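Hi everyone, thanks for making the time. I'd like to walk you through a structure I've been looking at, so please take a moment with it on the screen.

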Amino acid sequence: MSFAIMCSGGDAPGMNPAIKKFVDYVYKKGSTPYLIYDGLEGLIDKKIKKATHSDVSGILHNGGTIIRSSRSKRFFEHSYRMQAYYNLKEFGITKLVVLGGDGSFRAMQIFSSEFELNFVGIPSTIDNDIYGTDYCLGVDTALNVIRDALDKIRDTASSFSRAFLVEVMGRDCGYLAIVSSMISGAEVCVVPEVAFEPKELTKRLKDEVQNGRNYILAIVAEGSKKTTEVFNWLQDDIGMETRVSILGHIQRGGNPTVYDRLMAFDFTIIAVDHLLVNNNSNKIAVYKKGEFGLMEIEDVVSNKYQLPKHYLDALNLLD
Ligand code: F6P
């Protein structure tokens, strides 16, 4: 049996440990692993190679992905999907593991509705926005990068009378913002899921500033598109000199944490074990309430991830 692995969409720390486990485990099970380079673009262009143990040695501790990734526009055209399918056939690959996020799983859902496929997707995105799973690979590492940045920003913030606005990633989802607000004790958290209506907060913060508060930390999720508005609010309504830090792509880098490495191993084993005994089955591996499982690709892509209510509640973001 021939298996292949590829990464698609934004890279996430934990992809390399998953790739290593995939190659070692597929060989252990007596099958042949292949690597698809450059994601769906590489699948179209036949960048496929039989894997060796040495391809994946010494990669566990590295962020990013040794087989690279891409956001493929071409894959949304049927003719390129057909080309991709025939490339898999040519190599005799009948089992596929896809490390990716929401957009990649949507592409795979279309692909699997047209051609006979057998794949398992492993949620891999620092945004943590995949329906059906509490955890996506890369999130713990990204949160630790953000925590480190916030701890440092607090040092300088507390030395001046200033507000600091930190923009964190999350294309449509505020998960990174709410968790990093909780663990850093930020005074303000703005996410795409909740309208920014700061009337009461303005009054409270102004009172606090009058009573001696000398700095404010505000965390804004990129997906809210509120960075400029929150900056103006801090400067003009709260009346505090404000600095902005956009953390950007450093959040996607860094050595995968212990947790991301262990999750990568478990997700990969679930995926390969399922593919070993199933045909024509297209699933996403999920981790829900402390347990691993598999969900139909249709259920995952047709539903929207919701932020945990108790987190929103902890930040007073519920109505
Ligand atoms: O991978 C997820 C993510 O990092 C989002 O948080 C962000 O909006 C997007 O990818 C950035 O994409 P790109 O690296 O293509 O600019």
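Let's begin inside: which residues of the largest nonpolar core touch the most other members? Keep in mind that this is a predicted model. The core holds 92 residues, and the ones that touch the most other members are Ile19, Leu43, Leu96, Met108, Phe111, Leu176 and Ile178. Helix H5, residues 139-157, gives the most to this core, with eight residues.

Take Ile19 from that list and see who surrounds this residue. Leaving out residues up to four places away in sequence, Ile19 touches Ile5, Cys7, Leu35, Val56, Ile59, Thr65, Ile66, Ile67 and Leu99. There is also a second, separate core, made of 15 residues, with Phe196, Val220, Trp233 and Ile238 among them.

Rolling a probe the size of a water molecule over the atoms shows where empty space is left. The largest pocket has about 640 Å³ of space. Its lining has 21 residues, and the closest to the centre are Glu197, Leu201, Leu315, Asn316 and Leu317. Strand E7 (188-190) and helix H7 (199-210) are the elements that give two or more residues to this lining, and H7 gives the most, with four. By class, you will find 14 nonpolar, one polar and six charged residues in the lining of the largest pocket.

The second largest pocket has a volume of about 510 Å³. Here 25 residues form the lining, and Gly9, Gly10, Arg71, Gly103 and Arg171 lie nearest the centre. In this lining, five residues are nonpolar, eleven polar and nine charged. Helix H4, residues 102-114, gives the most to the lining of the second largest pocket, with four residues.

Let's stay with H4 for a moment. How far apart are its end C-alpha atoms? They are 19 Å apart, and this agrees with the 18 Å that 13 residues should span at 1.5 Å a residue. Buried residues in H4 are Ser104, Phe105, Ala107, Met108, Gln109, Phe111 and Ser112.

One last stop: Thr257, in the loop between strand E9 (242-246) and helix H9 (258-277). Is Thr257 buried or exposed? Thr257 is buried, because its relative accessible area is 17%, and the cut-off for buried is under 20%. Not counting residues up to four places away in sequence, Thr257 touches Asp140, Thr141 and Asn144.

Note on methods:
Residues numbered from 1 in each chain as written. Predicted model: local features only at pLDDT ≥ 70, side-chain atom pairs only at ≥ 80, totals over all residues. Heavy atoms only, no water. Core = buried A, V, L, I, M, F, W, Y, C linked by side-chain atoms within 4.5 Å. Buried < 20%, exposed > 50% of the residue type's maximum accessible area, 1.4 Å probe, protein only. Contact = heavy atoms within 4.5 Å. 1 Å grid on protein atoms, 1.4 Å probe; cavity = no way out; pocket = protein on both sides within 12 Å on 5 of 7 lines; lining within 4 Å. Points joined across faces, edges and corners; volume = space filled by probe spheres on them. Nonpolar A, V, L, I, M, F, W, Y, C, P; charged D, E, K, R; others polar. Expected span 1.5 Å × (residues − 1).
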